[in-house]
Amino acid sequence: MGSPTKPLTGTLLARLAEAGALQLDNPLDQFLRIPAGTGITLRHLAEHTAALPRVPPRLRRLDPYADFDFEALNAILERLDTFTARPPGGEAEYSNLSYAVLGAALSAAAGAPYEELLNRHVLTPLNITEVTSNPPSARRLSGRGFLGRPLRPWTMNGAILPAGGMWATPREAARLVTELLVERKLGEPALTWQTSGRLR
């Protein structure tokens, strides 16, 4: 799915807030060990207003997120104040790193791995069964590169998973959009969705 994983993460945030496990405006340092005084909240992460960069530092050229595991994320969290470009809560700037941090905070708040929480609070209530972080290789649609050679998909099942690592069949991806945005089966659309006039 790539970045359509983000609305799933945002929906998980909303569902955990509804269940009382957290509040949207909780400070990030309530859940993760970060330097004091960043002012970043869960809402800032979800709305891309945490003033964090688009991607984590020092990514590889090929398969960029392969080394971005939880140890790498924790190294960033320990000095998160050095990554913010300005105070949080201002202009939105799209950030995969924000969603990696948000996923870690949700796991810490609810005491379970991200994908387990996603299944329990979002996918199972919608009866969505063909969304996963690790589909069988025979069911992965891969792109083609030079001379038609198949391209290996990026490794996205580490710390970056909540930002873009989930896989889905086209039918289930379409159902997700319909049920979350049109039918609103889990309530109002999550903060993740961008809105411009009547377009979401």
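In these legends a residue counts as buried when its relative accessible area is under 20%, as exposed when that value is over 50%, and as partly exposed in between. All views show a predicted model.

**Figure 1. Salt bridge between glutamate 179 and arginine 175 in helix α7.** The closest N and O atoms of this pair are 3.3 Å apart. Both residues belong to helix α7, which spans residues 170–182. Because glutamate 179 and arginine 175 are four residues apart in that helix, about one helical turn separates them. Glutamate 179 has a relative accessibility of 7% and therefore counts as buried, whereas arginine 175, at 26%, is partly exposed. The pair also belongs to a network in which salt bridges with shared partners connect Glu172, Arg175, Glu179, Glu183 and Lys185.

**Figure 2. Salt bridge between arginine 60 and aspartate 67.** The two side chains meet with an N to O distance of 2.9 Å. Arginine 60 is partly exposed, with a relative accessibility of 40%. Aspartate 67 likewise falls in the partly exposed class, its relative accessible area being 46%. In the structure as a whole, eleven salt bridges are present.

**Figure 3. Salt bridge between arginine 139 and glutamate 130.** Here the closest N and O atoms lie 3.5 Å apart. Arginine 139 is classed as exposed because its relative accessibility is 54%. Glutamate 130, in contrast, is partly exposed, with a relative accessible area of 34%. Side chains of opposite charge can pair when their charged atoms come close.

**Figure 4. Arginine 140 over the ring of tryptophan 167.** The charged end of arginine 140 is placed over the tryptophan 167 ring, at 5.0 Å from the ring centre. As for pairing between aromatic rings, the structure contains one aromatic pair.

Figure 5. The side chain of asparagine 96 is joined to that of tyrosine 65 by a polar contact of 3.2 Å.

Note on methods: Residues are numbered from 1 along each chain as its sequence is written. This is a predicted model: local features need pLDDT of at least 70, side-chain atom pairs count only at pLDDT 80 or more; totals for chains, interfaces and linings use all residues. Side-chain values use heavy atoms; hydrogens and water are left out. A salt bridge is a side-chain nitrogen of Lys or Arg within 4 Å of a carboxyl oxygen of Asp or Glu. Buried means under 20% relative accessible area, exposed over 50%, partly exposed in between (1.4 Å probe, protein chains only). Helices (H or I, at least four residues) and strands (E, at least two) are DSSP runs, numbered from the N terminus. Rings of Phe, Tyr and Trp (its six-membered ring) pair if their centres lie within 6.5 Å; planes under 30 degrees apart count as stacked, over 60 as edge-to-face and the rest as tilted. A charge sits over a ring if NZ of Lys or CZ of Arg is within 6 Å of the ring centre and within 35 degrees of the ring normal. A polar contact is a pair of N or O atoms within 3.5 Å; within protein, one must be able to donate a hydrogen and the other to accept it, and residues adjacent in sequence count only if both atoms are side-chain atoms.
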